[in-house]
Amino acid sequence: MMSAQIRAAILSEALPYLKEYNGEIVVVKYGGNAMIDEELKKAVIQDVLMLHLVGIHVVLVHGGGPEISKMLKKTGIESRFVNGLRYTGEDTMGIVQMVLCGKVNKDLVSLLEGKGIGLGGMDGNLFQAVPLDRDEYGYVGEIKAVNSQIVRDLIHGGYIPVISSVAAGLNDLNSYNINADTAASCLAGALHAKKLILLTDISGLLADPSAPDSLIPALKVSQVPAMLATGAVSGGMIPKVDCCVEAVRQGVQRASIIDGRIPHSILIELLTNEGIGTMFSQEEV
């Protein structure tokens, strides 16, 4: 059992961060194993509810790749990926919209003890997008406009917005599949959030991808181009790093890639001196 002194020390360490983030917006991209593993999911929901309780405004942005793949398989549609993005034909887009805006979104809302309100990215034109490349990706979109006021209204009403990563067409009546990291980054920038957190299945950015103990705890965004040039950032990490950099450039104070496989990783990142994962910022770190 943890002693009273240890519990008091933990609370004492968290106090300055609770003060710093009180009344601020934190956008969390929720995905990976933390959405699949029931114990990890429970820990994420507990973290979000606790932060909400102490006056930190958490906005959850989610994808749902495994659920989409499962439903596509049931309907006989093959899952196909191009450059890491799900090719989204017209039939596939209908499934994506149904799964993300329906089942996944409402399942998450139901866990938030009456505090969650679910939004599809089309609601109130929250996200408006144009095709990324219709021939190559189908109905995969690139966000061009964000109506953040609808999210602010929910926050001011005392709710936790839970947002699915789809978008309305900017110049047409179509809906578009959006990468959840990108959606979270765009929304964080539009909200001028204090913090963006990408929950992933990796520990963060590694100086040497073959060395798990080479985690880079913090970076200035000005250091990122050199890392990209050396090849230290590659594969699926590139778009995640790009999302963090773009969010900071849009006014988000800090953006972090953290390991969602670790229970309560959100609290560790926000409320401890050490944090977890890799944090990006404009200032010296």
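**Entry 1: chain overview**

I counted eleven helices and 14 strands in the protein chain, taking DSSP runs numbered from the N terminus (H or I over at least four residues for helices, E over at least two for strands). The radius of gyration comes out at 19 Å, close to the 19 Å of the globule rule for 285 residues, so the chain is as compact as a globular protein of that length. For my own record, that radius is taken over C-alpha atoms, and the rule is 2.2 Å times the number of residues to the power 0.38.

This is a predicted model, so I note that local features need pLDDT of at least 70 and side-chain atom pairs count only at pLDDT 80 or more, while totals for chains, interfaces and linings use all residues. Residues are numbered from 1 along each chain as its sequence is written, and side-chain values use heavy atoms, with hydrogens and water left out.

I also looked up the extent: the C-alpha trace spans about 60 × 50 × 35 Å along its principal axes.

**Entry 2: surface and contacts**

How much of the chain is buried? I get 49% of the 285 residues, where buried means under 20% relative accessible area, exposed over 50% and partly exposed in between (1.4 Å probe, protein chains only). The chain exposes about 13200 Å², and carbon and sulfur atoms supply 54% of that; the areas are Shrake-Rupley values with a 1.4 Å probe, and for residues only the protein chains shown count as cover.

Then contacts, meaning heavy atoms within 4.5 Å. Of those with a separation of 6 or more, 74% join residues 24 or more positions apart.

**Entry 3: the eight-stranded sheet**

I traced an open sheet in the order β5-β8-β2-β1-β11-β13-β14-β12, with mixed pairing. I call two strands paired if DSSP finds at least two bridges between them. At the edges sit β5 (116-119) and β12 (218-220), each pairing on one side only. Neighbouring strands are turned by 20° against each other on average, direction ignored. Axes here are lines fitted to C-alpha atoms (for helices, over the stretch in contact), with angles from 0 to 180 degrees between N-to-C directions.

Two helices that I checked pack on this sheet. Helix α5 (residues 90-111) touches β1, β2, β5 and β8, and its direction makes about 155° with that of β8. Helix α7 (residues 149-156) also touches β1, β2, β5 and β8, at about 150° to the direction of β8.

**Entry 4: zooming in on β2**

Is strand β2 (residues 57-62) mostly covered or mostly uncovered? It is mostly covered, with five of its six residues buried.

On one side, β2 pairs with β1 (residues 25-30) in the parallel sense over six bridges. I found Val27 opposite Val59, and Val28 has Leu60 as its bridge partner. β2 also pairs with β8 (residues 160-164), again parallel, over three bridges; there His62 stands opposite Ser164.

**Entry 5: the four-stranded sheet**

A second open sheet runs β7-β6-β9-β10, with mixed pairing. Its edge strands are β7 (141-146) and β10 (175-177), each pairing on one side only. Here neighbours are turned by 50° on average, direction ignored.

Strands β6 (residues 127-131) and β9 (residues 166-169) pair in the parallel sense over two bridges, and Ala129 stands opposite Gly169. Helix α5 turns up again, touching β9 and β10, with its direction about 80° from that of β10. Helix α8 (residues 180-191) packs on the sheet by touching β6 and β7, and its direction makes about 15° with that of β7.
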